[in-house]
Amino acid sequence: MGPALPALWQCKLYYFTTSMGLACLLPFLPLIYARYGLTRAHIGAMGAIRPLVGALANPLWAFLCDRSRAHNVIHCACLLAQAIGYGSLQRARRTPAALFTWVATTEAFASCTTSLGDAATGFMCGKWNAANRIADGD
């Protein structure tokens with residue numbers, strides 16, 4: 001019997017659950033913010049948090065992962081922090097500053113989940129390709 005192949009179903013399940021979770025959440029965040037009493041300007045600022053925080057936090061997470069060599073642990077911890085952060089958004093104080101801080105902190109943890117998930121999937125697919133003698137580009 002040959003070497004054990006990586007379980008690519010885990011990668012598929014990861015992408016399915018994270019994509020479905022975000023698809024069920026992200027379109028409704030502006031409505032949630034409006035219900036919490038934020039103005040249109042505040043809701044717009046809240047929408048800008050994700051890419052702005054990600055641009056700053058993602059390279060820091062990448063540095064931490066590479067330095068510690070704990071990519072999987074950090075990825076799992078950040079996924080959990082993102083789920084807890086958005087899952088408990090209703091517990092945040094409903095002032096613009098408090099919500100901004102809550103969401104910015106949640107996005108700081110969430111910023112690396114896509115890149116770490118993609119890196120892990122690329123690694124797993126590389127192992128699968130090597131086990132099946134498939135060269136890059138075939």
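# Notebook: pockets and helix packing

I began with the second largest pocket, which holds about 160 Å³ of space. The model I am reading is predicted.

**Entry 1. Second largest pocket**

I listed the lining. From α1 (8–25) and α4, both of which supply at least two residues here, I went on to the names. Thr17, Thr18, Gly21, Leu22, Leu25, Leu79, Gln82, Ala83 and Tyr86 line this second largest pocket. Which helix gives the most to this lining? α1 does, with five residues. I then sorted the lining of the second largest pocket by class and found five nonpolar, four polar and no charged residues.

**Entry 2. α1 against α4**

Next I looked up how these two helices pack. The axes of α1 and α4 come within 12 Å and cross at roughly 25 degrees. That angle makes α1 roughly parallel to α4, because angles under 35 degrees count as roughly parallel. The crossing of α1 and α4 is left-handed. On the α1 side I noted Tyr14, Thr18, Leu22 and Leu25 in the contact. On the α4 side they meet His75, Leu79, Gln82 and Tyr86. This contact of α1 with α4 has five nonpolar, three polar and no charged residues. I checked the names against the pocket.

**Entry 3. Largest pocket**

I moved to the largest pocket, with about 310 Å³ of space. Its lining is made of Gln10, Cys11, Tyr14, Asn72, His75, Cys76, Leu79, Gly117, Ala120, Thr121, Phe123 and Met124. Which helices each supply at least two residues of this lining? They are α1, α4 and α6 (113–131). α6 gives the most to the lining of the largest pocket, with five residues.

**Entry 4. α1 against α6**

I followed α6 back to α1. The two helices pack at an angle of about 160 degrees, with their axes 10 Å apart. α1 and α6 are therefore roughly antiparallel to each other. α1 passes α6 in a left-handed crossing. From α1, the contact uses Leu8, Gln10, Cys11, Tyr14 and Tyr15. From α6, it uses Thr113, Thr114, Gly117, Asp118, Thr121, Met124, Cys125 and Trp128. The contact of α1 with α6 sorts into seven nonpolar, five polar and one charged residues.

**Entry 5. α4 against α5**

Last, I turned to the other side of my list. At what angle do the axes of α4 (residues 71–87) and α5 (residues 96–110) cross? They cross at roughly 160 degrees and come within 8 Å. That makes α4 roughly antiparallel to α5. The crossing of α4 and α5 is left-handed. Cys78, Ala81, Gln82, Gly85 and Tyr86 of α4 meet Trp102, Val103, Thr106, Glu107, Phe109 and Ala110 of α5. By class, I find seven nonpolar, three polar and one charged residues in the contact of α4 with α5.

Notes
Residues are numbered from 1 along each chain as its sequence is written. This is a predicted model: local features need pLDDT of at least 70, side-chain atom pairs count only at pLDDT 80 or more; totals for chains, interfaces and linings use all residues. Side-chain values use heavy atoms; hydrogens and water are left out. Axes are lines fitted to C-alpha atoms, for helices over the stretch in contact, and angles run from 0 to 180 degrees between N-to-C directions. Helices (H or I, at least four residues) and strands (E, at least two) are DSSP runs, numbered from the N terminus. Angles under 35 degrees count as roughly parallel, over 145 as roughly antiparallel, 65 to 115 as roughly perpendicular and the rest as oblique. A crossing is left-handed if the near helix is turned anticlockwise from the far one by less than a right angle, and right-handed if clockwise. Contact means heavy atoms within 4.5 Å. Ala, Val, Leu, Ile, Met, Phe, Trp, Tyr, Cys and Pro count as nonpolar, Asp, Glu, Lys and Arg as charged, and the others, Gly among them, as polar. On a 1 Å grid over the protein atoms alone, a cavity is a set of points where a 1.4 Å probe fits but cannot get out, and a pocket is an open set with protein on both sides within 12 Å along at least five of seven lines; lining residues have an atom within 4 Å of a point. Grid points are joined across faces, edges and corners, and a volume is the space filled by probe spheres set on the points.
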